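Here is a short briefing to read alongside the model. Please have the sequence and the coordinates open as you go through the points.

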Amino acid sequence: MIPLDARPRLAAKAKLRFDRHSGHHMLVYPDRGMTLNPSAVAILELCTGERSLTEIIDALHLRASGATRIEVQRDIEAFLQSMHDRTLIRFDP
Amino acid sequence: MNPTGTAPPRPYTLVAELTYKCPLRCVYCSNPVHYAGGAELATETWQRVFSEAEALGVMQVHLTGGEPLLRADLEELLESAHGAGLYTSLITSAVTLTRERLAGLAQRGLDHVQISIQGLTDEGATRIAGRSRLRDKLAAAAWVRELGMPLTLNVVLHRENIEEVPALVQLALSVGAERLELANTQYLGWALENRTALLPTFSQIERARADAAEARERNQGNLDVLFVLPDYHADVVRPCMQGWARRYIVISPDGLVLPCHQAHTLPGLEWERAGERPLAEIWKSSPGLNAFRGEDWMLEPCRSCERRTLDFGGCRCQAFHLTGQLDVTDPACTLAPEHARVVEARQNAATSSNDLVALRYRRPPTAQH
């Protein structure tokens with residue numbers, strides 16, 4: 001469970017890059033890369049270490065059309081947890 | 001073969017072997033055993049290669065060698081690679097690194113540093129690499145972190161250090177590494193020359209694998225612990241380079257455009273040189289690169305095997321160096337007709353004593369500092 005006051009940020013090794021060949025964003029990290037869908041990009045762009053998880057959920061809930069806040073929260077938490085498990089997102093200061 | 005007109009696969013990673021020169025002489029080095037030594041590519045050629053690689057789809061470049069720090073133009077090369085939009089990794093032993101030089105590289109956009117560790121004791125490191133002191137590595141690792149860059153520690157595992165996995169994990173944590181790459185020796189190049197001395201026993205590998213898995217679990221989210229299995233003890237073969245000339249472009253110091261670090265040791269294949277024509281043309285139509293693309297070249301049991309799209313038939317270099325044939329199934333595969341050769345090497349490892357075996361070293365270092 002990610003604490004709501006955690007301030008997620010990309011791991012130093014991971015860089016968000018626009019891939020001009022595919023037209024998608026990619027997360028590039030040592031020896032690997034991951035193609036991101038638009039909602040993943042929207043979340044990662046807010047993971048600067050400055051915003052808390054609550055603030056990120058609020059910001060994306062405002063943008064989400066039709067989704068309830070709890071649905072938005074669940075999606076964000078699941079995504080960030082999986083990225084954290086791959087050492088691509090950090091919650092520590 | 002890739003008929004003219006077919007689009008080649010998209011490469012994602014360029015492995016730029018800037019030089020074969022190295023202050024170390026590691027007994028498992030993947031550099032060629034017999035290297036006649038052509039002239040190294042000029043600065044401008046590498047710079048052109050970086051932008052041509054980006055245009056082909058490459059997202060990241062490994063600046064490696066030999067020891068890339070021995071290229072006096074490393075700063076210029078890094079600047080070009082970064083300027084071309086590539087994610088840049090410096091793959092170094094850090095033996096000749098200074099803080100000042102690293103700061104200059106950081107300033108020019110270096111994204112990631114990988115430092116190799118040859119041993120936890122000076123005695124062990126000297127035996128494996130000739131010279132390599134842990135305290136120099138620790139200093140270099142600290143500079144990487146102070147300068148705000150992510151750090152990978154890389155350790156090649158072999159019989160003499162494979163029991164040190166827990167200590168290596170502690171070391172990685174203590175220097176603030178984000179990744180720890182525990183790569184079992186792949187028995188090609190110098191490592192094949194030294195196989196009897198280096199190949200661990202099955203129980204050593206099982207233990208190390210369990211230690212690495214436990215460390216991975218315990219440090220999830222904090223340290224990425226990668227354990228690269230050795231072919232000789234795995235049940236299935238590695239998808240070597242994720243397929244021949246598919247996702248990686250390797251360019252040797254003298255400019256050969258290759259599918260892997262070792263391919264130019266294979267006989268009868270024709271390679272092209274970077275700079276002599278555009279990289280996109282070479283990538284598409286080099287006879288060597290097309291030789292083992294796709295599945296048409298495969299023999300049985302690969303040809304009808306359901307794993308062929310996962311492992312691509314294994315490693316061509318290993319197939320050749322163990323059997324003398326280029327297109328047979330990698331003998332590391334349990335289904336390979338020549339699998340007995342790997343089983344035999346494994347049995348020799350299990351029964352040989354723990355005494356240190358004499359090692360064959362690379363020629364004396366070509367650069368002294």
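In chain B, α13(B) is followed by B:Gly324, whose phi is positive, near 80°. Helices here are DSSP runs of H or I with at least four residues, strands are runs of E with at least two, and both are numbered from the N terminus. This is a predicted model, in which local features need pLDDT of at least 70, side-chain atom pairs count only at pLDDT 80 or more, and totals for chains, interfaces and linings use all residues. Residues are numbered from 1 along each chain as its sequence is written, while chains are lettered from A and ligands numbered from 1 in the order in which they are written.

**Helix α13 of chain B**

- Helix α13 of chain B spans residues 316–323, and it is largely enclosed by the rest of the structure because six of its eight residues are buried.
- A residue is buried if 20 or more other C-beta atoms lie within 10 Å of its own, exposed if 12 or fewer, and partly exposed in between, with C-beta atoms placed from the backbone.
- The buried residues of α13(B) are B:Arg316, B:Cys317, B:Gln318, B:Ala319, B:Phe320 and B:Leu322.

**Backbone points to check**

- Most residues other than glycine have a negative phi, and most peptide bonds are trans.
- A:Asp31 is not a glycine, yet has a positive phi of about 65°; this residue sits in the loop between β3 and β4 (32–36) of chain A.
- A:Asp31 counts as partly exposed because it has 19 C-beta neighbours inside 10 Å.
- B:Ala94 also has a positive phi, near 65°, and its place is in the loop between β3 (87–92) and α3 (99–107) of chain B.
- B:Ala94 counts as buried, with 24 C-beta neighbours inside 10 Å.
- The peptide bond joining B:Gly65 and B:Gly66 is cis, with omega about 15°; B:Gly66 is in the loop between β2 (60–64) and α2 (74–83) of chain B.
- Another cis peptide bond runs from B:Glu300 to B:Pro301, with omega near 5°, and B:Pro301 lies in the loop between α11 (287–291) and α12 (308–311) of chain B.

**Helix pair in chain A**

- The axes of α1 (residues 38–46) and α2 (residues 53–63) of chain A come within 10 Å and cross at roughly 140°.
- Axes are lines fitted to C-alpha atoms, for helices over the stretch in contact, and angles run from 0 to 180 degrees between N-to-C directions.
- α1(A) and α2(A) are therefore oblique to each other (under 35 degrees is roughly parallel, over 145 roughly antiparallel, 65 to 115 roughly perpendicular, and the rest oblique).
- A:Ala42, A:Ile43 and A:Leu46 of α1(A) make the contact with A:Ile56, A:Ala59 and A:Leu60 of α2(A), where contact requires C-beta atoms, placed from the backbone, within 7 Å.
- The residues of this contact of α1(A) with α2(A) are six nonpolar, no polar and no charged (Ala, Val, Leu, Ile, Met, Phe, Trp, Tyr, Cys and Pro count as nonpolar, Asp, Glu, Lys and Arg as charged, and the others, Gly among them, as polar).

**Where the chains meet**

- The contact takes 15 residues from chain A and 20 residues from chain B.
- On the side of chain A that touches chain B, β2 (15–19), β3 (24–29) and α3 (69–85) each supply at least two residues, and the largest share, three residues, comes from β2(A).
- That side of chain A has five nonpolar, four polar and six charged residues.

Key
Two residues are in contact if their C-beta atoms, placed from the backbone, lie within 7 Å.
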